[in-house]
Amino acid sequence: NIMTELTTNNAAAGLIFPIAIGVADKLEVSYMPYVFAVMCAASASFMTPIGYQTNMMVWGPGGYKFLDFTKIGAPLSAIYMVFCCILIPLIWRFEDGPMVE
């Protein structure tokens, strides 16, 4: 999630995806929970105005300060992370599903 605050969501996902697949391979579990965790984290740019295009579009015209994004985005990111950590393993099981070959 921190990477997507500093770069684009595509760049963050592209950099972390191979690491996630490698971790799943080493642990010999399904890669699907890791893939969805990367997708969710890469899409969660709430804490800075520079992480996502629409954040930048409203930053200036809306009269927001950089810290306005952090004040609202940090708690929102924490809540989002908790829900993802709970729901992803329930929906995409580590034991079931495709493995890295």
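How many residues apart are Asp68 and Lys71 in helix H5, and by about how much of a helical turn are they separated? They sit three residues apart, so about one helical turn separates Asp68 from Lys71. The structure here is a predicted model, in which local features need pLDDT of at least 70 and side-chain atom pairs count only at pLDDT 80 or more, while totals for chains, interfaces and linings use all residues. Residues are numbered from 1 along each chain as its sequence is written, and side-chain values use heavy atoms, with hydrogens and water left out.

**The chain overall**

- The protein chain has five helices and zero strands, where helices (H or I, at least four residues) and strands (E, at least two) are DSSP runs numbered from the N terminus.
- Read along the sequence, the pattern is α-α-α-α-α.
- The C-alpha trace of the protein chain spans about 50 × 25 × 15 Å along its principal axes.
- Of the 101 residues of the protein chain, 28% count as buried; buried means under 20% relative accessible area, exposed over 50%, and partly exposed in between (1.4 Å probe, protein chains only).
- The accessible surface of the protein chain comes to about 6,600 Å², and 73% of this belongs to carbon and sulfur atoms; such areas come from the Shrake-Rupley method with a 1.4 Å probe, and for residues only the protein chains shown count as cover.
- Among contacts with a separation of 6 or more, 61% join residues 24 or more positions apart, a contact being heavy atoms within 4.5 Å.

- Helix H2 covers residues 9-27, and its 19 residues should span 27 Å at 1.5 Å a residue; the end C-alpha atoms are 26 Å apart, which agrees. The expected span is 1.5 Å times one less than the number of residues.
- H2 has a kink of about 30° at Ile16, shortly before the proline Pro18; the bend at a residue is the angle between axes fitted to the seven residues ending there and the seven starting there.
- Asn9, Ala12, Ala20, Ile21 and Ala24 are buried in H2, and the buried residues of this helix pack against helix H1 (2-6) and helix H3 (32-42).
- Just after H2, Glu28 takes a positive phi of about 55°.

**The nonpolar core**

- The largest nonpolar core holds five residues: Ala20, Ala24, Val29, Tyr34 and Val38. H2 and H3 each supply at least two residues of this core.
- A nonpolar core is a set of buried Ala, Val, Leu, Ile, Met, Phe, Trp, Tyr and Cys residues joined through side-chain atoms within 4.5 Å.
- Not counting residues up to four places away in sequence, Tyr34 touches Ala20, Val23, Ala24, Leu27, Val29 and Phe94.

- Ser77 is found in helix H5 (residues 66-91) and is buried, with a relative accessible area of 4%.
- Leaving aside neighbours within four places in sequence, Ser77 is in contact with Asn1, Glu5, Ala44, Phe46 and Met47.
- The count of salt bridges comes to two, each being a side-chain nitrogen of Lys or Arg within 4 Å of a carboxyl oxygen of Asp or Glu.
- One joins Asp68 and Lys71, with the closest N and O atoms 3.8 Å apart. Asp68 is partly exposed at 22% relative accessible area, whereas Lys71 is exposed at 58%.
- In Arg93 and Glu95, the side chains meet in a salt bridge of 3.9 Å, N to O. Arg93 is partly exposed, with a relative accessible area of 38%, and Glu95 counts as exposed at 58% relative accessibility.
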